[in-house]
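Please look over the structure below with attention to its pockets, its ligand and its backbone geometry.

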Amino acid sequence: MSPDTPVFLAACRREPVPYTPIWIMRQAGRYLPEYRAVRERVSFETLTRTPELAAQVTLQPLRRFPLDAAILFSDIMTPLQGMGIDLTFEPGPVVREPIRTAAAIEALRPLVPERDVPFVLDSIRLIRAAAPRHVPLIGFAGAPFTLFCYLVGGRPSKEFESARAFLYAEPEAAGRLLDQLADAMGAYLAAQAAAGAQALMLFESWGGLLAPAQFEPFALRAARRTLAVLRGCGVPLIYYLNQGSALLGQLAPIEADVIGLDWRSPLGTARRVLGPDKAVQGNLDPAALFAPPAALAAAAGQVLLEAGGAPGHIFNLGHGIWPHTDPDAVARLVDVVHERSQRPGAGG
Ligand code: 1CP
């Protein structure tokens, strides 16, 4: 690893690193009092559409903690508003007219990022200008099937029954919608990289709801369609799959450098199943941040042990941090991961 390469990017590329990098899903969010203070003045939507505010909030966790990456402050549903979808955040996304018909699918506009979401690209430029050089910026999008869940289901749900039923009832229409979303997210992420994002992440938060026989032809095929467009961007690609332990065997051909995992997939097993060509990201249970300090350190140590000594691990939670988490626990976690993973002489 060259001394100029940020540790997070080296770990994504499975290069040896001096310590395990860490960032936290939803690291800019409601558990931070300074985030809540901004949200008292402006709505979530205004926050995502005002580059100065989005940049300010993105940088908030970096001021508190020595994190190894920043993630753009936005939402997976934000680009869909640019495609003509009417939705609100309450706080989860609620789609005014869920998509259930072929006509509604035809009516979706292709996404032209510079025209439809210029504020996202401006946010990225502002963040890059202000963030420390050793802290790379991750751009992101929802994976097509996860967006499909909200578009068809209309609102947050445990099972996304209507979205999953749509796959069986109208497989061709579902495939067309997934293709449109895949192409839109390919264009969206490529534009983020062009604006300065140094890694790109696809969030497949609800892919784990699918039976293995449905995951491949719908969720995985569409995610691969997005990722295929991005190979030429020259930045690491991360595919996060929530509740995917039964599906990991299907991920070998995916065009991602890093697979993000939730806490139900032990990292050691995941690494064996995924093979040596993939780095892994994760996967502490967000609940562990409620443990006393010694137990939190032990739980973090267990994740490091499971990840093993081979290069290619980025520490994270297994899913987003809970809004009632104590920021001091996050400070302890970041320190303990950096301390316990020291590898004197490796890289750096
Ligand atoms: O009231 C508020 O302040 C809004 C709460 C909130 C926040 C802070 C929402 C609404 N989105 C976000 C930001 C957000 N969303 C980020 C910011 C960057 C960071 O990580 O710090 C990111 C990456 C997301 C991505 C996102 N949004 C996902 C994928 C990751 C995951 O958690 O699985 C999903 C599924 C969403 C949908 C969404 N948007 C908001 C909420 C509360 C939800 C979840 C709804 C549900 O449970 O179904």
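By class, the residues that line the second largest pocket are 8 nonpolar, 1 polar and 3 charged, where Ala, Val, Leu, Ile, Met, Phe, Trp, Tyr, Cys and Pro count as nonpolar, Asp, Glu, Lys and Arg as charged, and the others, Gly among them, as polar. The model is predicted, so that local features need pLDDT of at least 70 and side-chain atom pairs count only at pLDDT 80 or more, while totals for chains, interfaces and linings use all residues. Residues are numbered from 1 along each chain as its sequence is written, and side-chain values use heavy atoms, with hydrogens and water left out.

**Second largest pocket**

- The second largest pocket holds about 220 Å³ of space, a volume being the space filled by probe spheres set on grid points that are joined across faces, edges and corners.
- A pocket is, on a 1 Å grid over the protein atoms alone, an open set of points where a 1.4 Å probe fits, with protein on both sides within 12 Å along at least five of seven lines, and its lining residues have an atom within 4 Å of a point.
- The lining of this second largest pocket includes Met83, Gly84, Ile85 and Asp86, and also Val95, Arg96, Glu97, Pro98, Ile99, Ala104, Ala107 and Leu108.

**Largest pocket**

- The largest pocket has a volume of about 1,100 Å³, and among the 39 residues that line it, Arg26, Arg30, Asp75, Gly92 and Tyr150 are the closest to its centre.
- Its lining comprises 23 nonpolar, 10 polar and 6 charged residues.
- At least two lining residues come from each of helix H2 (33–41) and helix H3 (44–49); helices (H or I, at least four residues) and strands (E, at least two) are DSSP runs, numbered from the N terminus.

**Ligand**

- The ligand takes up the space of the largest pocket, in the sense that more than half of its atoms lie within 2 Å of the pocket's grid points.
- Around the ligand are 24 residues, of which Arg26, Tyr35, Tyr150, Ser205 and His319 are the closest, a residue being counted if one of its heavy atoms lies within 4 Å.
- By class, this shell has 15 nonpolar, 5 polar and 4 charged residues.
- A ligand nitrogen atom lies 2.7 Å from an N or O atom in the side chain of Asp75.
- A ligand oxygen atom is 2.5 Å from an N or O atom in the side chain of Ser205, and an oxygen atom of the ligand is 2.6 Å from an N or O atom in the side chain of His319.

**Backbone geometry**

- The peptide bond from Glu90 to Pro91 is cis, with omega near -10 degrees, and Pro91 is placed in the loop between strand S2 (87–89) and strand S3 (93–95).
- The peptide bond from Gly282 to Asn283 is also cis, with omega near 0 degrees, and Asn283 belongs to strand S8 (residues 279–284).
- Arg26, although not a glycine, has a positive phi of about 65 degrees, and Arg26 is found in the loop between helix H1 (7–12) and H2.

Note on methods
A polar contact is a pair of N or O atoms within 3.5 Å; within protein, one must be able to donate a hydrogen and the other to accept it, and residues adjacent in sequence count only if both atoms are side-chain atoms.
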